[in-house]
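Please read the sequence and structure shown here before going on to the explanation below.

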Amino acid sequence: LKKARNARDGVASYGSGDDLVHQRELQLISSLPKDLQLDRLHMVYQPKLALSSGRCTQMEALIRWEHGSLGTVSPAEFIPLAEYAGMIDLVSRWALEQVLAQQAAWRQAGLTFQVALNLSTSDLDNDGLAEEIAARLEHYRLPADALVIEITESTLMTDLQRALTTLNQLRAIGVRLAIDDFGTGHSSLAYLKHLPVDEVKIDKAFLEDLLEDEQAAHIMGASISLAKKLGFEVTVEGVETKAVRDALQVMGADVIQGDFFAPPMTASELEGNWPQLQARAATKD
Ligand code: C2E
Ligand code: MG
Ligand code: MG
Ligand code: MG
């Protein structure tokens, strides 16, 4: 976003390294619409593990872009650019369509789980969003609670009043709502309680010294128990080791997501891994 802001300022930077950054950003922004149209992007799915039941009941959809000349481009780079360039609605519509079509196919094949889609806070400015999503769910004959929408805490809080109408509409059509990267913004759990939110995803930054630093462990433990007392489902993301999984289980986390249980995978990898994922989930190992 910082880069995007620099681009907006339009500060001429001839002769500096910024030039290359600008070139890359321009190249990305200008090729994005065409690459979306040609399906040169794809979604990967990261399984989540419910600790109490040992079951895998939800995936998070994450976007991937293999750019023709720039190679793999991270969403952490191009999503903020697309937001800045006013193209995020293109990305979000495309991603919604991919996720729902895939989910419909999975359900027909007997694979049933919720799929979480990341949307940007600026998507919530679209007055017709909930109606549009309801129509696409109906088109694919999917129940609304098959879809979870994740919104990042920090950006949501910058313009909450505008976002709130759409959040309420999404909740009204039966879609589940999750607050992503919780702890990186400035909101409190007590405040979130006033929003139509079902799930809180604690940011992976809080895992950094969980096992070494007693205070970090206290903060995590207290956040999890408060969030649960307030009625949120609590997911912790970025879990990479069994030791962290075990610690979070003791602290009462509902769900973990991260490379320890499973990394993001393509739809066909997921289908291939599904029996193993279920078996692994059952043994909670
Ligand atoms: P996020 O929604 O918080 O997604 C979690 C990120 O953590 C993903 O990065 C995932 O690959 C990564 N991750 C998962 N497990 C682990 C782990 O064990 N260790 C570590 N270090 N990382 C792990 P990714 O896929 O690069 O996505 C980055 C961000 O880009 C996402 O953060 C989300 O904010 C955004 N994003 C991704 N896909 C979409 C999309 O379709 N639409 C929108 N608007 N944003 C998206
Ligand atoms: Mg997310
Ligand atoms: Mg996150
Ligand atoms: Mg994130």
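**A helix and a pair of metal sites**

Helix H9 covers residues 214-229, and at 1.5 Å a residue its 16 residues should span 22 Å, which agrees with the 22 Å between its end C-alpha atoms. The expected span is 1.5 Å times one less than the number of residues. Helices (H or I, at least four residues) and strands (E, at least two) are DSSP runs numbered from the N terminus.

This is a predicted model, in which local features need pLDDT of at least 70, side-chain atom pairs count only at pLDDT 80 or more, and totals for chains, interfaces and linings use all residues. Residues are numbered from 1 along each chain as its sequence is written, chains are lettered from A and ligands numbered from 1 in the order in which they are written, and side-chain values use heavy atoms, with hydrogens and water left out.

In H9 the buried residues are Ala216, Met220, Gly221, Ile224 and Ala227. Viewed down the helix axis, the buried residues of H9 lie within an arc of 135 degrees, so they line one face; the arc is that of the directions from the axis to the C-beta atoms. Buried means under 20% relative accessible area, exposed over 50%, and partly exposed in between (1.4 Å probe, protein chains only). Glu214, Gln215, His218 and Lys229 are exposed residues on the face of H9 turned away from the buried side.

The buried residues of H9 pack against helix H8 (189-192), strand S7 (199-202), strand S8 (233-237) and helix H10 (242-251), where contact means heavy atoms within 4.5 Å. At the start of H9, a side-chain oxygen of Asp213 comes to within 2.9 Å of the backbone nitrogen of Gln215. After H9 comes Gly231, with a positive phi near 95 degrees.

Now to the metal sites. The magnesium ion (ligand 3) is coordinated at 1.9 to 2.6 Å by Asp180 (OD), Asp181 (OD), Glu237 (OE) and Glu237 (OE). Donors are N, O and S atoms within 2.8 Å of the metal (3.2 Å for Na, K and Ca); water is not among the atoms, so sites may look incomplete. Along the chain, the donors of ligand 3 follow the spacing D-D-x55-E. Asp180 counts as buried at 5% relative accessibility, whereas Asp181 is partly exposed at 21%.

The magnesium ion (ligand 2) is coordinated by Glu60 (OE), Asn118 (OD1), Glu150 (OE) and Asp180 (OD), at 2.0 to 2.2 Å. Glu60 in strand S2 (residues 55-67) and Asn118 in strand S4 (residues 114-118) are 58 residues apart, a pair that links distant parts of the chain. Glu60 is buried, with a relative accessible area of 4%, and Asn118 is partly exposed at 29%. The two magnesium ions, ligand 2 and ligand 3, are 4.1 Å apart, and Asp180 coordinates both.

Conventions
Polar contact = N/O pair within 3.5 Å; in protein donor to acceptor, adjacent residues only side chain to side chain.
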